[in-house]
Amino acid sequence: MPESLKFHFTPVDEAHADEKNVHEKASTDVADTIDILKKEFPDGISDVVVYAGEYTVFVTRDSLVEICTALKETLGFSYLVDLAGVDRFTEDAPRYEVYYCFVNIHAKKRIRLKVSLDEDDPVLPSITRLFKAADWNERECYDMLGIQFEGHPDLRRMYMPEDFEFHPQRKEFPLLGIPGSLPLPPRTPEGGLTMDPFAAARQGSPVKSYQEPESEF
Amino acid sequence: MSVATPYHDQDAIFSFWPRHNETLLKRLESKDAWLSTERGLDVSRIEDALEHEMTLNIGPQHPATHGVLRCVVKLDGERIEKCVLDIGYLHRGIEKLAESKTYQEFMPYTDRMDYLSPYANNVAWCMAVEKIANVEVPERAQWIRMIMCELARISSHMLWLGVGLMDAGAVSVFLWTFQGREDLYNIFDEVSGARFTVSHSRIGGLASDLSPKAIEMIQDFAIRYEGIIQGWQKLLNRNRIWIDRNKDIGVISADEAIQLGLTGPNLRGSGVAYDIRTFEPYLKYEEVDFTIPLREEGDCLARYHIRVEEMLESIKIINQCLEQMPEGPIRTDDAKKAYPSKDEVYYSMEGMIHDFMYTETGVAPPKGVASYHAIESPKGELGFYLESDGTGCPWRARLNAPSFTNLQGLESMMEGHPVADIVVLIGSIDPVMGEADR
Amino acid sequence: MDSATGYLTTTVDAVVNWARSNSLMPMPMGLACCAIEMMAFGGPKYDVGRFGSEAMRFSPRQADLMIVAGWCSYKMAHAIRRVWDQMADPKWCIAMGACASSGGMHRCYGVVQGIDNFMPVDVYIPGCPPRPEAVIHALMDIQEKIRNEYSVTNDYSSGSPHAELAQPESARLTADGRDLSLNGSGLVHA
Ligand code: SF4
């Protein structure tokens, strides 16, 4: 489409750094912690972004585990609250981001780390050895975005059945799914699995009852 | 175009996700019991000529699992040796759905996450969006949100109590607590027009003010139920059967609870004072006086005590809110950030255009920013992490669900207990699968 | 006249149908939010015991009415179909709520767009969630439908497990829930 024909019906706002957010919380002000981290890992931290009083610390993949160890052991951020991936879906690398949200319960602080990942190499070191709570979150991230976690004891899918082969949270995966990727039960005793997700519309109502198949599990 | 299907062999009899079950079983076999790795207990079995080892599959459809949770447990006689939980039977990908909805459009989906306390989810979503888009909320709306959040907490804990007791064998309490829920439904019905999928909160305020009748109903509820909840306490606190079923079951120490990432009453039952209402006060929680129940034992009984005491605290908060609630508008008066009032929409052209625009685009946070906001829902920390691309739809909406994190701890909690305790343990964790499965 | 309309069978039919319709034992397939309204439907205020259906059976072998309440994911569909197959004939099914009927608001990769894609449904209840009154209405529709069925004739001719497929047109109409439910509670035969 030519540039002149583009119709921006959505106002695109730029972030104003000076604007004060009314919902700012004291707990997200972790400038001191970041100073300590910066001193200790001068190469590990690539960027620090502040929005709405929240600090996002971009760390490199190689120093992730070290920084997490330091956060847990010396800085008191021993409680992992959230871990998830983001698909940026841009052509310029890096494509994926994984963010970690840690809480220091005694000092009432909250910090967010972020790691960027290339599309060709979506591998991260797992932090399950440090934070047991990361286990399911990492599995979920693997299920939804296909990011591999090295050293995870049990990298299975979290939500989708193991028989499914796509990673639905990726932006290229269609919202309505891919027909035939998940089968429905058979409609007749002789029939195979139903691959058509809209079988009722095309083939009518399924048979009411038949002998159930033998259980194997 | 041929689509890749996982089943090339259509003739093979399909028995309930074969590959999935295989990996599940493999995991169960290869897993180390938490008891031996973390607590150093000896879980070695006594050699017995009669095989007493057994793999048992509970769920996904089972009355005790509160929805569609599936536990595969390895039993040694009657004792659970290890356990693998399988969730995802309610997965529909609301994080993906959110990416194709405007911020306001997504609101009804939040009702259906934790469907025991929809109002708290509405508020969590609204506040997350308000934070990323920097929308101010009028005073009165904040107070009303607080009242409704506490009512939601009561209604969630009521269902938990009724169903939990029914699992343990007492049916009559279910009937009582459900009567309480019906009273709450009537209040929600009066306030929003729906029994529990309320969708009453709006970005920048509320859909409508409380009617005088609704306020009266809430007052009446708060007065009546203080006594009724104390009555339940009288029945249960010293009840032999209830104590025997719950005491020293699923004990989690404070350090373990933090390690496992438990949240909400489950964390506070282990003696960790982490409650978002005081950790990073939102709404008006700084201005009311309430205590956060805390127990040290970390067993099912402690969690029971905490939830029941929380209900009483909620009633206290509601009473204070009703006293302190100021008069005033219930939605910001900024057409870019919130819906105009219905009067404006019906009687002015501008109002109508704003209404259309808001439905079409809605609030648009700045490009490339991200923020996280959490509230204390009845189940624990319910947070939304939002990333914006400058349009009216979120680029990424991440839901940090308390049930999900709590369920993770359940796996370890179960080990070493008899099978019969599974029911009580699941009940005491209080998971809601709609939220855990996203 | 064949046996389907004989005096004896119709009289026995009437008795059997009366008994069946007033003691439906629901198997609550509570999946999601609608399950909470289903609890309310069995709870103290709406008290479905008035219709003889208060005995919720969590074992499919003891139930004859399945209420699917909530959205059904592809992963769960196989479990639902298996539970349905385990229920003894005769059996009926209610799709409660927009999600079970058509996928509802969850038009997404994980959710089956209506449970009738893999199991037969007798009554669909609209609403998100339907109020308990609507569920009671659906229950009454099922009762109405049972009262109009040729139950003995069906049993008599159902020698093989797949008998429906080989049945005459008139009997198939009653066995096939879809036709009837569209036609308004089986009034075809009234
Ligand atoms: S119809 Fe509505 S209330 Fe019922 S399960 Fe679906 S989303 Fe939930």
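What span should the 16 residues of helix H5 of chain B cover at 1.5 Å a residue, and how far apart are its end C-alpha atoms? Before I answer, let me say that the structure shown above is a predicted model.

Helix H5 of chain B takes in residues 118-133. At 1.5 Å a residue, those 16 residues should span 22 Å, and the end C-alpha atoms of the helix are 23 Å apart, which agrees.

Is B:Asp299 buried or exposed? With a relative accessible area of 2%, B:Asp299 counts as buried, because the cut-off for that term is under 20%. If we leave aside residues up to four places away in sequence, B:Asp299 touches B:Asn246, B:Lys247, B:Asp248, B:Ile249, B:Gly250 and B:Val251. One of these, B:Lys247, is 52 residues apart from B:Asp299 along the chain, and yet the C-alpha atoms of the two are separated by 6.3 Å. The side chain of B:Asp299 also reaches two backbone nitrogens, that of B:Asp248 at 2.8 Å and that of B:Ala302 at 3.1 Å.

Now to chain A, which is divided into domain 1, residues 7-170, and domain 2, residues 182-212. The C-alpha centres of these two domains of chain A lie 43 Å apart.

That leaves the contact between the chains, to which chain A gives 78 residues and chain B gives 85 residues. The size of an interface is often given as the accessible area lost when the parts come together. For chain A and chain B, the buried area is about 7,000 Å², and carbon and sulfur atoms give 57% of it. How many salt bridges are counted between chain A and chain B? The count is nine, and among them is the one in which the side chains of A:Glu140 and B:Arg438 meet at 3.1 Å, N to O. There are also 34 residue pairs in polar contact between the two chains, both residues being at pLDDT 80 or more. On the side of chain A that touches chain B, strand E3 (79-87), strand E4 (96-104), strand E5 (109-117) and helix H3 (134-145) each supply at least two residues, and the largest share, eight residues, comes from E3(A).

Notes: Residues numbered from 1 in each chain as written. Chains lettered and ligands numbered in written order. Predicted model: local features only at pLDDT ≥ 70, side-chain atom pairs only at ≥ 80, totals over all residues. Heavy atoms only, no water. Buried < 20%, exposed > 50% of the residue type's maximum accessible area, 1.4 Å probe, protein only. Contact = heavy atoms within 4.5 Å. Polar contact = N/O pair within 3.5 Å; in protein donor to acceptor, adjacent residues only side chain to side chain. Helix = DSSP H or I, 4+ residues; strand = E, 2+ residues; numbered from the N terminus. Expected span 1.5 Å × (residues − 1). Domains from an automatic or database assignment. Buried area = accessible area lost by both parts, 1.4 Å probe. Salt bridge = Lys/Arg side-chain N within 4 Å of Asp/Glu carboxyl O.
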